[in-house]
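User: I would like to learn how to read a few features of a protein model. Please take them one at a time.

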Amino acid sequence: MPTTSLPRRAGLRIAAVTALTAALTPLTGVPTAGAQENATIKIHTAPWDGVARTPYGDAIDEPRVCRFYLDALNFEQVTTATYRIAAEPPAGGAAGLTGSITLANGAGHSADLTLPDGQYRLYWTYPGSTAPEREKTFSVDCRTSMTTPSPGPQGGPPAGGGGIARGEAFTTVAGAGIVGLAAVGGVMWFRLRRRTHGA
């Protein structure tokens with residue numbers, strides 16, 4: 001009479017369950033497609049000619065810059081993002097940049113970057129991604145985007161502003177002082193003259 005090995009059947013069942021569990025469980029450290037849905041790279045102004053840096057982590061995107069940096073936000077389960085910047089439209093020998101951004105807690109930023117004035121397209125992706133590169137366009141324009149605003153009034157205020165420029169102030173004050181001295185001297189001379197004549 002044939003006998004069945006119960007330990008062998010139990011071992012096969014355990015192996016099947018283990019294989020099924022491994023197939024249904026995402027591998028640790030491998031980014032899933034949905035994990036990076038909110039990930040983005042922003043283009044931000046870097047300090048130049050008195051213009052302040054756009055703060056790291058700021059949600060704005062600046063489509064026109066001079067000196068700039070790339071700010072990576074909302075990445076999950078990855079430690080780097082890669083980018084490339086190409087002239088738009090493409091031209092032979094046109095300037096471009098490539099690099100990577102180190103991420104910590106889903107965020108990071110590039111070094112400060114410069115490119116000649118022109119239109120550019122930023123492409124970026126991350127390790128393990130099967131989706132096409134994400135992209136956005138921006139322009140570099142150092143003639144207008146980085147115009148330094150005046151830190152305050154220069155010289156005297158405009159007419160009606162209640163003040164005068166330094167040179168004008170000297171002339172006016174000097175004139176007022178001379179008139180005042182002349183008036184005081186005239187009064188004193190008149191009083192002394194009246195006393196002398198007994199009036």
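Analyst: Start with disulfides. A disulfide is a pair of cysteine sulfur atoms within 2.5 Å. A search of the whole structure finds one. Two notes on the source: this is a predicted model, where local features need pLDDT of at least 70, side-chain atom pairs count only at pLDDT 80 or more, and totals for chains, interfaces and linings use all residues. Residues are numbered from 1 along each chain as its sequence is written, and side-chain values use heavy atoms, with hydrogens and water left out.

User: Which cysteines form the disulfide?

Analyst: In general, a disulfide is a covalent bond between the sulfur atoms of two cysteines. Here the pair is Cys66 and Cys142, with sulfur atoms 1.9 Å apart. The pair links distant parts of the chain, 76 residues apart. Cys66 is in the loop between E2 and E3, and Cys142 is in the loop between E8 and helix H2 (166-196). Helices (H or I, at least four residues) and strands (E, at least two) are DSSP runs, numbered from the N terminus. The S-S torsion is about 90 degrees, so the disulfide is right-handed.

User: Is Cys66 buried or exposed?

Analyst: Buried means under 20% relative accessible area, exposed over 50%, partly exposed in between (1.4 Å probe, protein chains only). Cys66 has 4%, so Cys66 is buried. Cys142, at 27%, is partly exposed.

User: Which residues have the most contacts inside the largest nonpolar core?

Analyst: In soluble globular proteins, nonpolar side chains tend to be buried together. A nonpolar core is a set of buried Ala, Val, Leu, Ile, Met, Phe, Trp, Tyr and Cys residues joined through side-chain atoms within 4.5 Å. The largest one has 23 residues; Ile41, Phe68, Leu70, Phe75, Ile85, Leu122 and Phe138 have the most contacts inside it. E4 gives the most to this core, with four residues.

User: What is the strand order of the open sheet?

Analyst: Two strands pair if DSSP finds at least two bridges between them. The open sheet has five strands in the order E2-E8-E7-E4-E5, with mixed pairing. E2 (64-65) and E5 stand at the edges with a single partner strand each, so one side of each has no neighbour in the sheet. E2 and E8 pair in the parallel sense over two bridges. Arg64 stands opposite Ser139 in E8.

User: Where is the cis peptide bond?

Analyst: Most residues other than glycine have a negative phi, and most peptide bonds are trans. A cis bond joins Glu88 and Pro89, with omega about 0 degrees. Pro89 is in the loop between E4 (80-87) and E5 (97-102). Gln77, not a glycine, has a positive phi of about 65 degrees.
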